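Here are my notes after going through the model you sent. Have the coordinates open while you read.

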Amino acid sequence: MSQVEDLQDTGNGADAPGTSMEFRILGPLEVLAPNGGIDLGAPRQRIVLASLVLQANRVVSVGHLVEAIYGDNAPPTSRVQIQICVSALRRLLAGHGHPDAIQTYPTGYRLHVGPGNLDLHQYEALIAEARQARDARRLADAGRGYRIALGKWRGPALRDVESAAIRAIAHGLDERRLAATEECIEVELGLGRHREVIPELTELTMAYPLRERLRGLLMIALHRSERQADALDTYRDARRTLIDELGLEPGDWLRRLEHGILTGDPTLAQPSTPAPAVVAGQPAEAEPAPRLLPTDISDFTGRDDEVRLIEEHLTGGGPKRTAVPVVVLTGGPGTGKSTLAVHVAHRLRDRFPDGQLFVDLHGRRPERVSAAEALQRFLRALGVPPDAIPDGVDERAEVFRDRIAHRRLLIVLDDAAGESQVLSLLPGDCRSAVIVTSRSPLAAIPGATSAPVGPLPPQHAITLLRHIVGPDRVDREPGYVLDLARLCGHLPLALRVAGARLASRPHWYVADLVDRLADERRRLDELAHAGICVRSSLTFAYEALCADARRLLRLLVLVSRSWVSPWVGAALLDVSPEHAQDVLDKLSDAQLLETTQGPGGYARYRLHELVRVFARERLAAEESPADRHAALERYLDAVLTLLAAVERCNGRAARRPRSAAPIRQFSDQTADRIVTPVEQWYEVEHHMVLAAVRQAAQAGLVGTSIELAAAVGRATEALPYADHVRQAQRIALSAARRAGDQCGEAAVLYASATLSMAQLRTADAVRELLREMELSGEVDDVHGRAEG
């Protein structure tokens with residue numbers, strides 16, 4: 001955003017825009033001023049306003065607004081378009097007496113909404129009061145409260161706002177409305193109003209035919225109205241619909257309800273206020289429904305796409321699905337895989353009414369849980385007596401599959417080391433579903449869907465810190481909060497530790513912790529609190545690696561922080577590129593390296609920020625100075641080897657000073673294969689090449705730095721990298737001057753003068769280069785010194 005706009009936006013009196021403007025989102029988006037409704041303008045403005053209203057009185061990041069409008073297809077001008085929309089909305093609201101309603105912050109914008117001026121806030125307050133009355137058995141008050149609250153709705157939330165991100169949030173609001181409607185009807189059934197609610201329930205079951213709770217409430221209302229045949233028809237229609245649409249039998253509660261109606265269960269005939277799961281008496285022969293999930297967290301943040309993917313895969317598929325739906329959440333240490341799995345499992349409890357099983361397999365720890373142990377726990381939770389549980393894992397798996405056949409259970413297998421821990425724990429009936437978390441992809445699980453879980457986006461990382469630390473402290477230091485999230489690598493585990501430390505020390509500023517984390521030598525020490533330690537999580541992953549993978553992880557910190565190719569690993573380990581790529585892939589499978597593809601399909605790898613800090617610790621502890629120096633020399637020699645191959649591929653004989661050691665890292669054939677095609681390879685690797693020149697200079701390898709700079713110049717004569725060559729020569733020249741190496745300095749100057757014309761093409765460009773190097777008027781001297 002521009003400085004001019006910042007000055008215009010910030011203003012004064014932003015905390016008191018007034019209380020006469022009402023925002024409404026429980027239906028079409030509306031803003032009501034004292035003189036009537038406001039025309040909110042173009043669709044983009046409506047999306048921006050809807051985003052601000054949904055997070056009223058909280059800062060909404062520019063990135064969030066860009067995503068709401070453009071999704072994954074944001075144009076380069078997206079941020080400018082956001083500024084235009086916000087400015088237009090600010091003018092619009094100012095025209096109705098609220099010039100300071102939208103306030104500007106370093107990370108985004110905040111809409112000030114006064115108490116009671118948002119219909120969602122009004123609705124939530126009324127629902128909370130109704131629930132309190134229900135819990136206190138004041139049913140008449142509860143019924144009135146629910147109806148007043150539901151009367152705030154004017155249709156589906158934000159139904160006129162065309163944005164996928166907004167629609168996802170609005171869908172959640174609609175779900176909460178439907179749940180509140182079910183609660184209201186339960187209360188009214190408790191008041192004996194069964195006849196009055198039948199028309200509403202009939203309409204709702206037609207609108208939501210897969211909602212079993214609504215079907216059950218309608219069955220109860222019809223049964224109490226002495227319409228037992230209609231109640232049983234409702235069950236049969238529900239069963240037919242569920243089988244046709246989902247391939248599933250009705251849940252346990254609906255089946256017990258039908259049984260109660262058929263047997264004349266007297267508890268069904270009486271008004272009752274408990275949750276519908278216990279309205280009907282449970283038959284004695286019913287199997288136990290285990291509820292083994294750990295608690296969900298109240299401040300779960302972000303992951304909307306991941307949640308949507310998991311839920312769609314576990315609950316979709318239709319009647320033709322025969323395979324058990326399995327989702328594997330993969331991610332590195334501290335990314336929050338387990339938290340995400342538990343959160344989704346809680347969201348899906350109603351879809352799996354026969355129970356939820358959970359086991360932490362401790363896949364990366366010495367106390368790993370075997371498949372046999374996990375099956376024993378599951379069978380006991382399912383009511384199998386201990387003396388009836390077989391000894392062998394195969395026999396236990398058979399009993400387990402038989403026990404849960406025709407039931408709808410959700411099984412969460414946390415922290416699996418590999419497929420062998422998981423395969424025996426899979427059900428045989430597609431009515432059940434499985435969520436697995438692992439640092440490995442578990443590609444051998446048939447039909448499993450993989451859902452990668454990475455660091456949080458910056459805006460969600462800040463939101464999580466707001467939940468933990470408190471909005472006032474976060475909003476007071478927005479710049480330092482961004483730095484804190486970055487130093488935590490945007491990892492949920494590290495963010496929670498940092499947030500907990502700040503929450504436990506209210507006298508600290510965010511800047512205090514940022515200063516502590518800025519020192520890499522102390523960072524992992526600082527990211528520990530109350531038994532939660534980022535270093536421990538990384539250590540478990542590290543110790544599970546093979547020796548080559550551990551060593552390569554350590555040595556990677558010797559080179560640039562950017563993406564690296566397999567040839568870099570080959571040089572560091574002194575192995576073939578093929579073997580190096582296998583080792584890099586093992587690190588990637590363990591989620592200790594990020595992986596991508598460069599132009600032309602080149603595999604590329606990079607250390608996550610906190611993994612890099614951890615690897616630097618291990619490097620200092622496990623590699624001697626001599627071994628570190630040797631690995632760096634091998635890497636720099638590999639760069640020279642490949643630059644020589646570029647020269648050959650460009651039709652020139654590779655040159656190297658007579659005093660230099662022979663190139664030995666790769667054979668000519670291997671090197672030529674790595675750099676082909678030349679233009680594409682150099683486009684991918686030119687940052688690494690320049691970093692190598694700098695690293696040689698910083699390591700005191702002045703001769704190597706000079707040699708690399710000269711090789712860059714020769715290799716790129718036919719490539720458009722003039723600025724790149726000049727940077728390399730400046731680095732080498734500076735290193736030679738610091739070391740007092742006059743011969744090396746002269747060599748760089750001579751190379752600069754002789755190669756500039758070929759690369760830059762014009763005498764003016766040559767003079768400019770010499771002027772930048774403070775050599776104007778000294779060209780003859782340069783030649784003389786170089787020849788000497």
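The points below go from the whole chain to single residues.

1. Ground rules. This is a predicted model, in which local features need pLDDT of at least 70 and side-chain atom pairs count only at pLDDT 80 or more, while totals for chains, interfaces and linings use all residues. Residues are numbered from 1 along each chain as its sequence is written, and side-chain values use heavy atoms, with hydrogens and water left out.

2. The chain overall. The protein chain comes to 35 helices and 15 strands; helices (H or I, at least four residues) and strands (E, at least two) are DSSP runs, numbered from the N terminus. Of its 788 residues, 52% are buried, where buried means under 20% relative accessible area, exposed over 50%, and partly exposed in between (1.4 Å probe, protein chains only). Taking contacts between residues at least 6 apart in sequence, 70% join residues at least 24 apart; contact here means heavy atoms within 4.5 Å.

3. The parallel sheet. Have a look at the open sheet of 5 strands, ordered β8-β9-β10-β7-β11, with parallel pairing. Two strands pair if DSSP finds at least two bridges between them. β8 (356-360) and β11 (449-452) are at the edges with a single partner strand each, so one side of each has no neighbour in the sheet. From one strand to the next the twist averages 15°. For angles, axes are lines fitted to C-alpha atoms, for helices over the stretch in contact, and the values run from 0 to 180 degrees between N-to-C directions.

4. Strand β7 and its partners. How many bridges pair β7 with β10? There are 5, in the parallel sense, between β7 (residues 326-330) and β10 (residues 433-438). Val326 has Val434 as its bridge partner in β10, and Leu329 stands opposite Thr437 of that strand. Towards β11, β7 also runs parallel, joined by 4 bridges, with Thr330 opposite Pro452.

5. Burial of β7. In a regular strand, side chains alternate between the two faces of the sheet. In β7 both faces are covered: Val326, Val328 and Thr330 are buried on one side, Val327 and Leu329 on the other. Helix α12 (residues 304-315) lies across β7, β9 (410-416), β10 and β11, and runs at about 160° to β7.

6. His343. This residue sits in helix α13 (residues 337-347). His343 counts as buried because its relative accessible area is 13%. Setting aside residues up to four places away in sequence, His343 touches Asp296, Phe300 and Val307.

7. The α8/α9 pair. Helix α8 (residues 194-207) packs against helix α9 (residues 212-224) at about 145°, with axes 9 Å apart. The crossing is left-handed, meaning that the near helix is turned anticlockwise from the far one by less than a right angle (clockwise would be right-handed). Among the residues making the contact are Val197, Ile198 and Leu201 of α8 and Leu214, Leu217 and Leu218 of α9. The contact residues divide into 9 nonpolar, 3 polar and 2 charged, with Ala, Val, Leu, Ile, Met, Phe, Trp, Tyr, Cys and Pro taken as nonpolar, Asp, Glu, Lys and Arg as charged, and the others, Gly among them, as polar.

8. Arg239. Helix α10 (residues 228-246) holds Arg239, which is partly exposed at 35% relative accessibility. Leaving aside neighbours within four places in sequence, Arg239 is in contact with Glu249 and Pro250. The C-alpha atoms of Arg239 and Pro250 are 5.7 Å apart, for a separation of 11 residues along the chain.

9. Backbone spots to check. Which peptide bond is cis, with omega near -5°? That is the one from Thr676 to Pro677, and Pro677 lies in the loop between α29 (668-675) and α30 (678-698). Asp415, not a glycine, has a positive phi near 60°; Asp415 is in strand β9 and is buried, at 17%. Gln591 also has a positive phi, of about 60°, in the loop between α26 (577-589) and β14 (593-597); Gln591 is partly exposed, at 24%.

10. Cysteines. The structure holds 0 disulfides, a disulfide being a pair of cysteine sulfur atoms within 2.5 Å. Cys430 is buried at 13% relative accessibility, whereas Cys649 is partly exposed at 37%.
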